[in-house]
Amino acid sequence: MIINKNNKKTMLKFAAFAASAMLTVPVSQPCMPQNGIVTAQAKTAAMPRTKSYVVASDILNVRCGPGTDYAVIGSLTRGLRVKVISISGEKGNRWAKIRFEGVRAYVSAQYLTKTVS
């Protein structure tokens, strides 16, 4: 390809456009499932009672919603104690609601073991 003055201007305009488009992407997006369906979440005034569990897998993904279609926001490692707010879902697909770095998050309950207090 021969680069002449017009091609160079076009390439520079495209590069500037691409850079500006990348800069307009929000840094933090609200938690949404990848399928685009948003579920309502109730606000609670007080922190509910929690139960203590231990992570039973080498690495446990922490998600922003209760399902694998939600984004991974972090991870927990084997043996780490977790305070579970609640567990919901159907047998074989249960999700534990936890607090992770100050926000509500979810982990698969099948990888948690209840501790004896």
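From the N terminus on, the elements of the chain run α-β-β-β-β-β-β-β, which comes to one helix and seven strands, where helices (H or I, at least four residues) and strands (E, at least two) are DSSP runs numbered from the N terminus. This is a predicted model, in which local features need pLDDT of at least 70 and side-chain atom pairs count only at pLDDT 80 or more, while totals for chains, interfaces and linings use all residues. Residues are numbered from 1 along each chain as its sequence is written, and side-chain values use heavy atoms, with hydrogens and water left out.

Of the 117 residues of the chain, 24% count as buried; here buried means under 20% relative accessible area, exposed means over 50%, and partly exposed lies in between (1.4 Å probe, protein chains only). The accessible surface of the chain comes to about 9000 Å², of which 58% belongs to carbon and sulfur atoms, the areas coming from the Shrake-Rupley method with a 1.4 Å probe, and for residues only the protein chains shown count as cover. Among contacts (heavy atoms within 4.5 Å) between residues at least 6 apart in sequence, 53% join residues at least 24 apart.

Strand E2 (residues 59–63) holds Arg63 and also Val62. Val62 counts as buried because its relative accessibility is 0%. Leaving aside neighbours within four places in sequence, Val62 is in contact with Ala71, Val72, Ile73, Gly74, Ser75, Leu76, Ile98, Phe100, Ala105, Tyr106 and Val107. Val62 and Lys97, which are 35 residues apart in sequence, are 9.8 Å apart in space, C-alpha to C-alpha.

Arg63 is likewise buried, yet it has no salt bridge, and the nearest side chain of opposite charge, that of Asp69, is 7.0 Å away. In these terms Lys and Arg count as positive and Asp and Glu as negative, with His and the chain ends not counted, and a salt bridge is a side-chain nitrogen of Lys or Arg within 4 Å of a carboxyl oxygen of Asp or Glu. A polar atom of the Arg63 side chain does, however, lie 2.6 Å from the backbone oxygen of Tyr70. Again leaving aside neighbours within four places in sequence, the residues in contact with Arg63 are Thr68, Tyr70, Ala71, Val72, Ile73, Trp95, Ala105 and Tyr106.

By the salt-bridge rule, the count comes to one, and the pair in question is Asp58 and Arg78, whose side chains meet at 3.0 Å, N to O. Asp58 lies in the loop between strand E1 (51–55) and E2 and Arg78 in the loop between strand E3 (72–77) and strand E4 (81–90), so the pair ties together parts that are 20 residues apart in sequence. Asp58 counts as exposed because its relative accessibility is 54%, whereas Arg78, at 49% relative accessibility, counts as partly exposed.

One of the residues involved is Ala96, whose bridge partner in E6 is Val107. The hairpin of E5 and E6 has two residues between the strands, and Glu101 lies in this loop. Most residues other than glycine have a negative phi. Glu101, although it is not a glycine, has a positive phi of about 50°. Glu101 counts as exposed because its relative accessible area is 70%.

Note on methods. A polar contact is a pair of N or O atoms within 3.5 Å; within protein, one must be able to donate a hydrogen and the other to accept it, and residues adjacent in sequence count only if both atoms are side-chain atoms. Two strands pair if DSSP finds at least two bridges between them.
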